[in-house]
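Trainee: I'd like to go through a structure with you. Could we take it question by question?

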Amino acid sequence: MQAYDLPDNFGHFGQFGGTFVAETLIEALDELRDMYEKYKNDPEFLAEFNHDLKHFVGRPSPIYFAERLTKKIGGAKIYLKREDLNHTGAHKVNNTVGQALLAKKMGKPRVIAETGAGQHGVATATIAARLGLECVVYMGSEDVKRQSPNVYRMKLLGATVIPVESGSKTLKDALNEALRDWVTNVSNTFYIIGTVAGPHPYPMMVRDFNSVVGKECKVQMPELENKQPDVIVACVGGGSNAMGIFYPYIDDKSVKLVGVEAAGDGIETGKHAAPLTSNSPIGVLHGNRTYLMQNSEGQIIETHSVSAGLDYPGVGPEHSWLKDSGRASYVGITDKEALAAFHNLCLVEGIIPALETSHALAHAEKIAAKMSPDEVVLVNLSGRGDKDINTVADISGISI
Amino acid sequence: MSRIQATFKSLKNKKQKALVPFFTAGDPHPGKTVEIMNALVDSGADMIELGIPFSDPMADGPVIQRASERALKNSVGITTTIKLAAEFRKNNKMTPLILMGYANPIEAIGIDNFISLIKNADIDGVITVDYPPEESVQFVKKLKENNIDSIFLISPTTDDKRLKLIINQATGFLYYVSLKGVTGSANIDIKEVSEKVKNIKTFTDLPLGVGFGVRDAKTAKEVAEISDAVVIGSRIVQEIENSNDKDLINNIRNLMVEIKSSINKNSETSE
């Protein structure tokens, strides 16, 4: 059997992915691809990357048996990969450490990033401070208002936060604006994309840097259960935490992979952020071809989710490929279901999960209930929920 | 011979350079689009680039982004854009008309459907900003089969190897992006542009337009001296943004006349 080896040289995962950008960006992407190819197997680069993952991020993150949750659900054992315990509180930092190190190797003194809820912006500002790089973060002006603590965090870390006023003033527009900055300042600037989207080589590179998550699980799971998990569940916005844990398992077909999208008010209402689950058409956005929420004339439509980190109209192209090839399946979890799972984990396990992650938890609860006690469900606990307590309090009608 | 080729040939005979204005369909509202196009032709446009509004125009600066937003608020998307172009074509069989836009709206209505619609509208060329040659082989082939030109962008960072790749697929003319950045950015370095243009010319006989940073008559004149066509976009769109409905057409005419006279000054005096 042939090992999984996507993407091809031009970044295609079957019909998905690719390099759909204006000519002005091609040279920058070629340079990035060449430098990434050069460094990704370079022992010195990898030693530095692994050193920072261990000593700065705090890796490896543990896998934790959620015993009380398992008992409450009454089915398969539920394990949690604790990415929430990383420095900055989410998986996002794995990728930013890798890309910032690459920026430094390439001699780029300035890094830029887009951010929705602010997690990727904070992770980028953090590593930029650590490496002494100038950092500019683009954030939709709507998100700047909604996520003021994270805006202040980035400022504390020395970053400049630029509110984006164009389009819907959210994550997708921040990404557009960061691309515009990059094309203008390409000689001294490295663009650190926060998810497995964007033009080639980003989907591949972000996946690779995040795949430390799945690689650790492959070692840790047998130590705990003498086997690999039966099912892995991860939330999918752009899909970087899911790709990070899925990728090392793609060739191990005995492990089911399930991505959980944000169904918002419900897929049937149209107010969601679930391009895969809602069978959205294929389109081209932010440099790649993928399933995309859009109207019949190809205009990108606004998304809805209680979780800002999943509020994205597209999805990483590799997820589109995994869906079509049948290797992974994708489901939707509504705001309501995610909030219930959020409260549940707080009360039963003493862990406040991110609202993004709560979507994965809600689905894990659903499937674990129907599985047998000797089976194992592994959830990527992609981030902690401290950032979300204001949102949850608001919804609960509590002022804090 | 295509309309675009014929136009360049006729201008060359007159020792003139093409003036190619750009604006976004449906901005400030669809009722004005054909009127603006006619005014552009009357005041010196040799070809027109009509922008297809898109929700996420990542290669455009703030001026053209806002134009897209205004057009989308007026519910003008790709099909209305083509309808407006067809309306213009009914009374103007001479001026080449080029659509400029992004890949997603084209793919959303279907590439074959798009080509059949623009063929019926008698549109002459297409610039798809985010279709580099590697990703658009089939699209370009289909356009060619329908005698529609594929115009490609060349940037200051395009090396000779890519230049050959682009020229191999391009028809009509080539569009040199005069600066590193988005549309309507800082002023251009004419000396640097001149050297790049000379280099491109050693690889091809296709006419070469220059755009992305032409903001006034002076720059337009300098660009005209070293190229075959001056593309002016953000400056026109700015005029649309800043004018009320009553003055709009006059303001566009005045701007066009000023630029037109500056770019053809040399040829007029020498003749």
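Here is our chat about the cores and the contact between the chains.

Mentor: Before you start, this is a predicted model, where local features need pLDDT of at least 70, side-chain atom pairs count only at pLDDT 80 or more, and totals for chains, interfaces and linings use all residues. Residues are numbered from 1 along each chain as its sequence is written, chains are lettered from A and ligands numbered from 1 in the order in which they are written, and side-chain values use heavy atoms, with hydrogens and water left out.

Trainee: Is Leu345(A) buried or exposed?
Mentor: Buried means under 20% relative accessible area, exposed over 50%, and partly exposed in between (1.4 Å probe, protein chains only). Leu345(A) has a relative accessible area of 1%, so the word for Leu345(A) is buried.

Trainee: In which helix is the place of Leu345(A)?
Mentor: Helices here are DSSP runs (H or I, at least four residues) and strands are too (E, at least two), numbered from the N terminus. For Leu345(A), look at residues 335–349 of chain A: that's helix H13.

Trainee: Which residues touch the most other members of the largest nonpolar core?
Mentor: A nonpolar core is a set of buried Ala, Val, Leu, Ile, Met, Phe, Trp, Tyr and Cys residues joined through side-chain atoms within 4.5 Å. The largest one has 189 residues. The two that touch the most other members are Phe246(A) and Phe114(B).

Trainee: Which helix gives the most to this core?
Mentor: Go to residues 23–39 of chain A, which give 8 residues to the core. That's helix H1.

Trainee: What is the area buried between chain A and chain B?
Mentor: Buried area is the accessible area (1.4 Å probe) that two parts lose on being put together, summed over both. Carbon and sulfur atoms give 49% of it here. The total is about 2,800 Å².

Trainee: How many salt bridges are there between chain A and chain B?
Mentor: A salt bridge is a side-chain nitrogen of Lys or Arg within 4 Å of a carboxyl oxygen of Asp or Glu. Arg289(A) forms one with Glu107(B), their closest N and O atoms being 2.4 Å apart. Between the two chains, the count is 3.

Trainee: Which helix gives the most to the side of chain A that touches chain B?
Mentor: H1, helix H8 (171–184) and strand E11 (282–285) of chain A each supply at least two residues of that side. The one that gives the most, with 8 residues, is H8(A).
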